[in-house]
Structure formats: C-alpha cells, structure tokens
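Hi,

Here is the model I promised to pass on. Have a look at it first, and my notes follow below.

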Amino acid sequence: MNTTRSKSPRALGVMRRFFARSRGDSPFQRTLIHIALIIACVIAVYPALRILTVSLRPLNILMSTSLAIVPQGATLKNFATVVANTDFVRWIWNSLIITMSTAIVGVIIASTSAYAFSRWSFPGRTGALVFLLATQMIPAAMLMIPLYILSARLGIINSWRGLVIAYSVQAVPFSIWILKGYYDTVPYELEQAAMIDGASRMGAFYRIILPLSTPALAIVFLFNFMQAWNDFLLARIMLQKSELLTWPLGLQTMQGQFQTQWGNFSAAALMISIPVMILFFFSSRWLVSGLTLGSVKG
Amino acid sequence: MKKVLLVLSMFALATFAAFATGSQEPKAAGPVSLSMWTQESENENSYQYVQSLIAGYTKDHPTVTIHLLQKSTDGLRQDFLTASLAGQAPDFLWTVNDHAGPFTAAGVIQPVDKLFDLSKYVKSALDAVKLDGQEWGVPISNGNQLMLLYNKTLVPTPPQNTDELIKMGQQLTKGGVYGLVFNQVEPFWLVPWLGGFGGKVFADDGKTPTLNTPQMVSTLQFLLDLKYKYQIIPKESDYAAMDSLFKTGKAAMIINGDWSLGEYKKLMGDNLGVANIPKVSATGIWPAPYTSGKFFMLSKDLAGDKLAVVKDFINWATDKDNQLNMVKELTRLPALKVALDDPLITSDPILKGSADQMKVGTPMPTVVQMRAVWDAMKPEMNALLANSETPAAAAAKMQQAAVTGIQNMH
Amino acid sequence: MHSLTADIVLRSLGQVGSTVLAILAGVIVLEAGIYLIFGKLLKHRHTLPIMLLAPAAIGLLALIVYPIIYEIVLSFSNMSLFTFRNPKFGFIYAERNFGDVFTQPVLKLVHFLPVFLRTVLWTTIQVTFHVTLGMILALLLNRPMKLRGLYRTLLIVPWAIPQVVAVLAWRGEFQFEYGFLNIVLRDIGLHGIEWKSSPLWNFVAINITNIWLGVPFMMVILLGGLQSIDRTYYEAAEMDGAGPWRRFRDVTLPLINPVLTPAVILGVIWTTNNFNVPYFINEYNLESSEILVTALFRAAFDYSRFGFAAAFAIVIFLILLVFAIIYIRFSGLESVMGKSVQKPVPAGIGRTAAARRSKGPRGEVRA
C-alpha cells in the first residue's frame, strides 16, 4: 500500500492544473499561481491579524463585530504595559537561551546519529528505528510525572539544566528521522570519492554530507527550536522559581481565574512570535542553498 | 590521537565533577527561606497585592525570604500534587477553597484549627474549608460570590424578584442590547438559581449528589425560558462575551462575581449598581450563590522554624490593617470579623451590596466529589441552553454523570 | 519584578553555557570510553556507528524508557487521589485498570470505542488535508519566481505563532456573536453557526483550526524534498514524452518518498497525540469532541485516576504501535525506514535518461 497515491481526486485535478507546463510557465500560468498563493497567504495570515486587532484595542475589550484590522481607538498601550509592567523581557530572554542551546545540542546529536543509521547496517538497526518511531507515540502528558520525579532525584529541577537536557533529547527521534531521509538521497559514491582522495570517514561526513544537507539541518534546527520554544507542560513542572519562567508560563500569569486581559495577552503573543519569525526568515536561505552546490546530481 | 583523547577525557571529567557538585543547593543557615504558590493573577491586580504583602513582611523581618510562584488554578492543583509526590512541595499556598478537597484526600496538606485562633474569622469563610470537622485553610478574603450588577443608566432600580427581572429584561432587550447576561458555560452560574428554587447540589451528607430533582428541573426550565421564551439573554455567551457586552453598555444587567467589581468600578464609576440576585417569584426564596474566598493552606511537611515563620506571616497578613488595605486594593470582603464591621465597608454601596449578597449565599463545598459534580453539570447545562436537551433529560444525565465520576475517583 | 540586567544576562548565559559544556564533557567521556573499549580492546567493526549513536541512545533511555517503565508500573497500581501516598501494587489492579479502559466510561458517560473511532476520523481528515494542501503549496512554490521569499514567510505564519496562542485566538473566532467566521456568514446572509455548543460544528471547528496550524509544516518538509530532486530527471522524462501528471507520478512521488512517507507516519502519530487543539477548542467540554489523549489528560489530571490513566496511556501507545507495525508490514520496511546508502531509481523513465544519468557533470562514470 502506497499512501502517496491515496489522494482525493479533487486534489489530483488541482495538482494537474497547476503542474502543467511548470518549467516554462506561460504568463497566464504565472498569474494563476500567484493568485492561488495570495489566497493561501490571506488564509494563513488573517487569523494572526485578528490577534493584532485585539492587541490594539483599548481597555481590554475583546469583542466587536467590526472586521477592521485596525480597531476604533487603536492604541499601543497594551504593548507598553506588557513590556514595562511584567517580566516579559525576562521571559523572552529565558526562553531564547534555553531554546537556542537545546537546538544546537539537538542538531549535533541528531546529525551524527542519523549518519550512523544511514550509512551502516548493524545488528539492532531496525529495532532502533522502530524504537525511535515508537517514542513519538507516547502521549506527552504521561511523561510529566515520571520526568519530574527523575529530575527531582537528580537535583536538576529548579534550574534550567533539567529543561535543556530534556528538550535536547525530546526532539532527537524526529530529527534523526528527517536527517536520515535526507542523507539517504545523497549517493554513497561521494564519500567514497572523498575517502579515495584521502579523507577519513568522519572527514567525508563533515566536508561532503553536512554541506549538502543544509536544508535538512535547517529544518531540524527550526523544529528543535519550536519544540523547546513552545513547550509548556514540561517547563511548568520543572521550573519552580518565578525568575526562571519561560514565556508560556509567563503568559499564563496573565490569565486570571475568570478573566483574562486579552489586550495585554494578545500584545504579548505577537511580541513572542517575532523572534520566531525572524529565525524563520533568516533560515529560509539555507533551506534553498544546499541545492546549488552542483554535486547533488546522479 | 590517544594523548589528545586522554587530555580531553580528564578535562571532561573535571567539568563533570564541577557540574555534579554544583547542582547541590547551599543550605541556608539561620535565615529562613520559604516558598509559596498562589493562583492570584496579575490581571485581576491581585498578584501584585500578594507581592506587596510579602515585601511588607520581609522588610520588617530581613532574615526571611519568601519565594512566590504564580500558577493557574488548575495548574496549581495539578502541580502541587505532583510536587508532593516527589517531596518537593512548596511550604504554603494562597489559593481557592475547593483545592482543600483533593489535597485533603491525597493527604498533602495539614489542618490548621490547632495552629491558629480561628474564632476571629468569619464563619462562612471557615465553613468553606471545613472537612471532617477540621479546618484546612486560614481565610484571607471572603466572598467570591455572584451578584447582580447593573448599569444605572439603563436600570435605575434593580429588580427585586424574577418577575420584575423578566419584565425589565424584555423592555430593555432591543437594538443589540440585552436585558441580562451571564456566563452560560459554567455551572457556577447555575447554582444560585438552583438554590432559589429550593434545590441543593449535595444531600445532607455533603457527598451524595442530588441533581435529578424537581427543583433542578424547574431551575433548568427557568434558564431555558430566559433564553427562548422571554428572550432576554444572548444566544451564546461565555465569560469573555458577557464581560464585553456589559462593559460596552450592550447589557443592562450582568450576573458576575466580586472579582470583577474592581474593573467595573473603574470603568463605570457611580453608574455601577450592586444588588442581590432577584428572588425567585415562584418560590419566594433568594438565590444562593456559592461563597468561598481565598485561603492559606499549609503543606503537610511544613514544621519547625519554617512553620513558626509561616504562622507569624499569616497572622500578620490577616490583621485588621492589612485586611482593610486589601479591601481598598482588591474590592474584596475581608475574612476578619472586625474588619467586616468597619465603616469602610458599610459606607461603600458596592461593598455593602456585596456583603448583603453574601448573607444569603451558601458556602461552596470543598469535598473532592465537587469536581465530579461540576464536570457533570457543565455539558448538560450547555446542551440545555443550546435547546438540544429537555430539562428533565439534562437533570437525569447530570446525576448519572456525577455518580459515575465519583465512583471513578476511587 | 524580575527585569533583565547585564548581570542576569551574564549569569544565565553562564548557567546555560555550563550545562552545554557539561553535556559536551559527558559526551566526550562517553566517546572516549567507547573508542577505547570497542575500538582498541574489542576491535569491533561497528565502533564508529556505536560512537555516533551513543549520546542519543543514553539520552533517550533516560528520558523515555524510564518514564515508560514508570507508567507500566503505575498501571499495576490503584493510585488515585485517595491512595495518593500509599498506592498498592498488584496484578489485580492491572486487571482492573486495563479492564476499566474498555468497559467503563473513560470520561463521565462516553466509552472507549466512540472516542477511539473519533480519533481515527480526526487523524485521517487531518493527515489527508495536511499532505494534500502542503503538497499543492510546495509544488506552487517550487520554481523561481518573484516574491517567493515573501510568500514563504507569510505561509509559515501559522507555524511561527505559538501554538497555544493560535489555538486560543481561533477559539475566540468561533464565538457566536463576535468571531469573524460568523460575522462573515451573517454578512453573506446566512445564519451564524454554533461552533461551541453543537457537537458536529465543534468537531469541524477543531479540524479547521488544526488544518490551519499543520499545513505550513508539511509544506516546508515537502518543499525541501521537492527542491532536492534533480531537474535532469524532469527533463529526461519530458524528452521521453511524459505529460505533467506522469511526471508527477513517476518522478516526483518516488523521489520524494523518503521524505513523504516518514512525514505521513509522523503526522498520523502526532495528530493522534495532539492535545492542545481538541482540548482548548472544546471550551464547553463536550464529550463528543474528546479524542483519546484529551480523555487521558482529564482522567489523569482532573480526576487524578493515576493508575487508570497509566493503563489508558499504554493502550493508546499500543494502538499506535500496532498501526505502525501493520503499515510497515504492508508497505515494506524500506519505504518507512528508507534504504541506506542508495537513492531509489525512479521507475518508468526511459533508457536514454538512464544513460544520460550515468555520466556526472564532470564526465566521470557513475554506477
């Protein structure tokens, strides 16, 4: 059974229409493509703009039947309140350093492990791959309590140590999976050629495979980053001091038992999205560059 | 190659050793360090108040540090249990009364009746944390009850009973304005009306649910009629919607709790009116909203020096000056009896209205079973108000779900 | 107030830096040990792969295997709120817990089977939409064009916004009076939909939200895969007379398979385990909108039925495991795990293309 064939007929028709003559696109084709992409962008962005609308509203009034993006009486006061009156900057900083370090560690661990899976066949390889897959199947909520107890025993709660370690490991299975898939598309002859020229095994890995895999490495880095950046449950249980809080925990302090200050909340939410958007924007370059190196053919 | 590896390994081992020993926290000698969790949040301005209390105390007691951590209400309950399991529970809590039930069942907090002179606190507050004859929390504020709040520019005098409420509502509901709004999602808003029709959530033993009663059916029918027969409430309204409607003047009357008084007062000033939820005309009984408050609860493992400091802090935080200060800051009723009689409260119409409503309220049960009851009522209440269930069916399902939920807790 | 000062910046960098260094140190010790033992002492032929895998393996053992074992042990107990400090362990409790998962209501009224079926429906809908829409967008973007960077950045917005925030924002938009969906519906003359109180529409709402959230990620993955496909394949296929659909079927799909298949499998697993979206959009706690993991969460943390929840979690895990095993059996191990070393040769491409391919850009002969 090949799932790649089981798409709905409607989707196939759409693909057929847009894929036609794609290499030498006619202007008409181009226009259609642009229109389709514009529609998709509007769908993607509009709900986010609504968050912006709420953040600009005065007096934390959530509701209005106007669809205008900039509301009546728009004010930047909510943004100012969040930055000045809460520990917002601290939360962002905490999240940033935890996330960056876990992403770096995670990419390093995963890129080397995936290489082993891709280039060697050793006893237990299949089992290990199934195990990696299986780790994704565990409902996250069930890991909370045992991880907490383990961390308490190791003395790594109430500091960032436990969190960095947990986050680094958490994203490893998926990262290995993606990287292995990419490594598999790179023919072994390249490393053979390098080793004939005198490079060691790991030298070939470092000089040939890694540069070719920059799209995959970028994706893995982004993924690790996002996992750690957005995590809430694990951080909540591991961080018991208010100066250590990451932004999800910090944002929660803005939610009352009954009321939530939606204006402040939305303002904070938008400001939190900014580092991520910047990261995405800059890494999109790497997502493309690996292909133009020329030796990927064959 | 081997030499390089050897050097690297030694360096690594050294770092490892430093890392491992560095993870031990230095023991505090002499000065006392406490940790407290609270579910008071910043946007109700109450978190800042807790912080200021702590700052005030530690200024006079420089050897004491109190680490405060804020969590959501459910988060506090879940995480306190988890932390207790690992022996890492905080020393004490500032939280809602219904946490006492689960914490007592799990054996993670200690009773306070022998540690404090509880006679100086309001009885209804103490009743809200009383289980098996003992009190499990020290009250700091009293209330948390629902009341009828109204916009004086639209409603000059509040309705005294439900017939008046309906008549006024019908006159006012037009042109995008609703006569009455309340949170149609949470059963917390159902309970007062149940009391008004003479019904009760639990039987006398306080543990067996009595949800499938004629009184409940009458209550549900009344709510259904408000929406579809008299049409004075919106089609759907959760907390955010009702709050928004009232704030923008699109709702004449709202049933909301004392936590919202501060913000409404700031917004509407003298146009805010507070009254009892109107008497049910059919029975002549005042609706009885749940009253509770906020309480200090002590972790079971708290003892010795730390316990002494916590006791001192709590007694200080609930003395008359601090209590009156809290009234001013948070617009909440105090738990200290002498503070309740202070003219600060009796002369303020809003606080007086709040205190009057409290008199006809009933203490919120803190038993563990309450959770199952809330969860049982919520979906049925929603189905009823969506007109997809009859009152009789909803009541029956509520009861069944509550019984199952309670059974499953064991 | 904890504000950010230079002192704090340095201190926190130090703390995190020392953690990373410690991890690095640990890894070095580990690698040295393996090298010496396996390489020099045992002269094992798989020393290098073992060295490469060791850090990940140890990390996963601690952070995944220990919790699993803990949960298994917990499922053999009667731990709940009342037996919190002294739970009792034994086969009889395991029997009861696992039995209860299938025979007793997992929430208040609903039983296991409806929740399970709903989870299957949810996962199927989600993965189908994610892959289809993601593929379409990736195909559209896979060409040099003006504004490509802009489109890509905008289309990623749903992924960039923190998930919890996005979910809460969508929840607000499903509000009957003020959500933009109903406002638009009313503007075009229809009635507003009761997204929150109607079982059917609440389920639809949950699906809409997750589609919006999940397509960008799949698009990025598929785009990366598309971009690694060499153009010469398409040119060769075109020269052999293949039309656009055949090109897609015979060149794109097989070559993107090593990326697509794992993405689909992981998509299935993650969607089944997706907690945030069904939990928060189901504001009214409708039992008809619960899927397996949200029911599990409520059992564990709202009702504190820890023993039962552990058994429930294991059941969910086993279901996914069985699915994965069946899928692997069906489609062959390699389509999931991928072949090591070689690129799969696309089928249906003519001999001329194959001959062309066998000489690289610098003229060297390839296998």
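How many bridges join strand β8 of chain B to strand β10 of chain B? Five, and the two strands, residues 146-151 and residues 251-257, run antiparallel. Within that pair, B:Tyr150 stands opposite B:Met253 in β10(B).

Before you dig in: this is a predicted model, where local features need pLDDT of at least 70, side-chain atom pairs count only at pLDDT 80 or more, and totals for chains, interfaces and linings use all residues. Residues are numbered from 1 along each chain as its sequence is written, while chains are lettered from A and ligands numbered from 1 in the order in which they are written.

Back to the sheet. β8 and β10 belong to an open, mixed sheet of four strands ordered β9-β10-β8-β11 in chain B (strands pair if DSSP finds at least two bridges between them). Its edges are β9 (178-181) and β11 (272-275), each pairing on one side only. On average, neighbouring strands here are turned by 20° against each other, direction ignored. Helix α15 (residues 349-359) of chain B lies across β8 and β11, at about 25° to β11(B) (axes are lines fitted to C-alpha atoms, for helices over the stretch in contact, with angles from 0 to 180 degrees between N-to-C directions; contact means C-beta atoms, placed from the backbone, within 7 Å).

As for the whole of chain B, there are 17 helices and 14 strands (DSSP runs numbered from the N terminus: H or I, at least four residues, for helices; E, at least two, for strands). The C-alpha atoms fill a box of roughly 90 × 50 × 45 Å along the principal axes.

Cheers

Notes
Two residues are in contact if their C-beta atoms, placed from the backbone, lie within 7 Å.
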